[in-house]
Amino acid sequence: MNRVNIFKSVLWAITGAAIAFGITRMFFGLGSVSNLSDATPWGIWKGLNVIPGIALAAGGFVVTAIIYIMRRNEYHRYAKVAVLLAFLGYLTAATALVVELGLPWMVWHPIIYWQHHSALFEVSWCVMLYLAVLFLEFITVPLEETNRLAKIRRFLNKYKIVLVFLGIMISTLHQSSLGTLFVITPEKLHPLWYTPLLPIQFFISAVASGPLMLILAVLTISYLYRKPLEKEKLAALGFASMIILVIYGLLRLIDIGVQGKFPLAFEGTWQAVIFWIEIALAIILPVLLLSLRRWRNSAPALWLATISAVVGIGLNRANIAGIMLLQTGPVYVPTIYEITISLGILSAAILVFLFCLERFNIWEVKWQDPREKPESPPEFSRPADVWLGTPRIAGRTIYSLIFIGFLSLGFAMISTERIRGAGAEEVPVTKARGGDTLFVNGNRDAYGVTFAHEDHVGRLGQNESCVLCHHMNLPLDKQSGCHACHRNMYTVADVFRHDWHADPGGGNLTCGECHPPESQRLSTTAKPCAECHKDLIPPGAVITVEQYDAPSYTDAMHSLCMDCHHQKAQTLEGKENLAQCATCHIIDIPDYLPSEIEIKFRDTTFNHVVVPDIDTAGAEKDHSI
Amino acid sequence: MKAILTDITRCIGCQECVIACKKYNNLDSDIPRQWHRNDGLSARNWTSIIHKPDNHFIRKQCRHCLEPACVSACPVAALVKTDEGAIIYDAAKCIGCRYCMIACPYGIPRYDWDKAVPYIQKCNLCYSRITQGKQPACTEACPTEATIFGDRDELLAEAHRRIKADPDKYVDRVFGEFEIGGTSILYISDIDLGFLSYPVRGETPVLPKTTAPAMNAVPPAFIGMGAVMGGIYWFCKRREKIQQEKTNDKEQS
């Protein structure tokens with residue numbers, strides 16, 4: 001194993017796991033893998049992949065402008081790398097959008113439904129056009145491998161300058177429009193970042209980050225493949241970027257000064273700390289390192305300066321696109337799935353980049369994976385050669401194994417709870433408290449029901465009325481509370497303990513005693529509990545127990561009371577409000593409650609109201625009064 | 001232009017409007033999810049009652065702004081402000097970008113986070129009912145006439161009349177008359193309702209106008225950038241040519 005093998009193996013592993021999570025997202029919705037919420041509709045896929053990804057892919061138009069328009073031919077050998085970097089950068093953004101959009105198969109809709117007031121409309125148009133331009137710019141490289149389409153290649157090469165012009169003009173628009181996206185949120189974006197000049201700041205910082213990203217890529221390639229560096233050229237590119245970074249920094253600070261927001265930067269809030277970290281990484285450190293000739297000609301300084309600037313400008317985009325937007329709900333922390341998908345998209349892009357580097361004539365010399373010798377036969381003959389075709393592919397069996405292994409691991413890691421419950425919180429139910437009047441408040445929020453038990457007994461007909469509501473007890477119990485079976489506030493609870501029945505130390509029953517022969521052994525076909533447990537169902541109970549699942553506490557309570565209440569609201573004189581929520585639900589804690597009861601959500605301005613399905617028409621059950 | 005006026009002092013918190021909304025719009029029953037915000041609105045609750053201390057009930061719903069940020073933000077015109085005042089949503093156009101959720105200053109649009117085919121969910125002022133000449137389900141259901149439907153101008157007049165008639169009771173302001181360009185959902189209240197929108201520093205801007213300068217600058221920027229680059233290209237090319245000629249001359253001499 002060498003550097004390249006280890007690096008690629010890690011990338012394949014992350015990609016594999018990310019694909020597993022991506023497939024889950026496609027089938028079970030955004031909530032199944034992400035922590036995105038109504039309060040945080042855009043998460044790290046946008047804040048880390050799409051918006052910074054596009055900013056850092058600016059190398060494509062900046063470097064082609066330097067080479068083809070400013071006619072600086074000494075950088076010509078970096079042109080293909082820059083275009084490839086940009087192409088892949090935009091592809092990662094597009095891939096992240098496919099994961100991130102709710103309806104990714106509609107992504108082409110801006111082509112036919114026009115809405116020219118929207119910054120996002122312009123961004124989507126420009127990204128689509130620029131992807132096409134980058135594709136045409138890059139496609140000449142793979143075409144060099146074949147003679148079949150030489151005409152197309154020559155045509156594209158001849159009119160390359162048109163593509164370069166288009167690329168620059170389109171990029172100018174959408175790099176700045178990404179900033180315009182957040183001009184519409186003056187009340188949400190933190191004032192240290194909010195300015196009407198966001199579009200201009202986005203464009204200038206993108207121009208600065210383009211060459212820096214190229215330098216970082218060249219440094220990485222030369223490290224991985226142990227190739228010599230052309231430090232002077234890189235340093236010259238870095239110096240140009242530095243000048244633009246200085247302009248960006250001045251614009252940023254002057255803008256904050258003119259708006260009089262500098263006091264905010266010294267307030268000691270966490271936002272101020274991140275602001276200074278961002279300024280230090282994106283502007284101060286790279287400018288310092290690149291300004292001195294002695295420093296910018298040394299590889300470590302170049303490494304440090306480019307990484308710092310790339311991280312800093314990425315942080316700037318992430319701040320504006322998410323971190324510094326007003327928190328209107330619980331703090332958003334991305335899940336491990338989200339982070340893996342985010343990294344997986346980047347990993348896949350880097351793999352494609354390395355593949356192109358090894359396969360095509362991008363550096364004017366072909367780079368090769370040191371482990372692989374395409375001309376010589378593979379090191380050992382395996383069945384894999386038969387399955388996977390050519391030796392070139394079979395030689396990559398290690399990567400395939402790692403990929404498949406981590407794909408499976410990814411599927412294994414997905415929490416079934418998350419998919420099945422899709423974010424439903426299981427809130428345990430606590431017992432109703434009180435004496436003659438019960439305070440029914442399963443989740444102990446401040447929106448309970450005062451249930452006058454004695455009054456209802458009196459109205460419904462004394463002792464005969466018990467069975468109107470009470471329908472089941474636990475074994476060996478005569479007065480099980482509702483909370484004993486309806487254990488979850490909002491989700492169905494399983495009340496049957498299979499192991500207790502089948503276990504030798506428990507019931508020690510054989511299968512046939514509950515599951516009839518010749519049928520599938522399912523809960524639906526098993527025999528009812530009451531056939532053995534004669535004491536479970538009180539004699540004459542109106543509500544029949546047909547399932548082994550207890551409905552949620554809210555559903556159980558609502559369906560118990562509301563049919564009758566709706567009926568009475570229509571028939572009784574002067575009782576129209578019987579059907580209203582507020583008739584039963586009260587907001588304060590009743591006085592008769594024991595003082596030790598702890599109310600959990602006393603302070604909240606709102607308590608989660610669950611409005612159930614109500615079937616008023618069919619409420620003709622026998623609730624005789 | 002139609003509107004809804006909600007008088008907070010008359011609301012008894014009975015939730016009839018919430019139930020009517022769910023019934024008319026065929027919304028499923030809901031359970032708390034981890035992605036809900038703590039204001040009762042969700043993909044299946046288009047309106048909700050917020051409880052504030054001392055028995056104040058505030059009905060939250062889409063404000064149907066006169067200068068809607070969501071409509072200006074939507075890249076495919078899936079959200080449209082109709083002549084009746086309702087902001088309606090066309091699910092067939094939506095691409096699921098959720099930019100409207102970012103743009104909305106009241107935090108109204110909600111999303112089907114648990115669905116493989118998710119849509120934006122929000123109040124549409126019962127558009128199908130108001131085009132038939134009926135009033136929305138929520139105002140029809142209200143037992144105390146706390147929330148009423150009508151022409152915006154008439155409701156504004158009514159709101160000012162009520163405030164004038166009882167200035168001790170009400171805060172002297174019709175919420176929704178001017179904020180963020182004005183809204184079609186108006187409130188009068190005896191407490192401050194500033195919490196319904198996000199706090200704005202300084203003057204309340206009309207949100208679609210904030211992005212207008214940048215969006216109007218798009219065509220000039222496109223052509224200008226092309227012209228500047230063309231100029232540089234011509235200049236560099238010419239310099240190259242002159243240098244070439246010079247070296248050629250030297251070689252000849």
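Trainee: How many Å separate the centres of domain 1 of chain B and domain 2 of chain B?

Mentor: The centres, taken over C-alpha atoms, are 57 Å apart. Domain 1 covers 2-207 and domain 2 covers 217-252, with bounds from an automatic or database domain assignment. Bear in mind that this is a predicted model, where local features need pLDDT of at least 70, side-chain atom pairs count only at pLDDT 80 or more, and totals for chains, interfaces and linings use all residues. Residues are numbered from 1 along each chain as its sequence is written, while chains are lettered from A and ligands numbered from 1 in the order in which they are written.

Trainee: Which element of chain B gives the most to the side that touches chain A?

Mentor: First, contact means C-beta atoms, placed from the backbone, within 7 Å. By that test, 73 residues from chain B meet 70 residues from chain A. Helix 8 of chain B gives the most, eleven residues; helices here are DSSP runs (H or I, at least four residues), numbered from the N terminus.

Trainee: And how do I read a nonpolar core?

Mentor: In soluble globular proteins, nonpolar side chains tend to be buried together. A core is a set of buried Ala, Val, Leu, Ile, Met, Phe, Trp, Tyr and Cys residues joined through C-beta atoms within 7 Å; buried means 20 or more other C-beta atoms within 10 Å of a residue's own. The largest core has 189 residues, and Ala103(B) is among those touching the most other members. Leaving aside neighbours within four places in sequence, Ala103(B) has contacts including Ile184(A) and Leu207(B). A second, separate core of nine residues includes Val427(A) and Tyr490(A).

How values were computed
Contact = placed C-beta atoms within 7 Å. Helix = DSSP H or I, 4+ residues; strand = E, 2+ residues; numbered from the N terminus. Buried ≥ 20, exposed ≤ 12 C-beta atoms within 10 Å, placed from the backbone.
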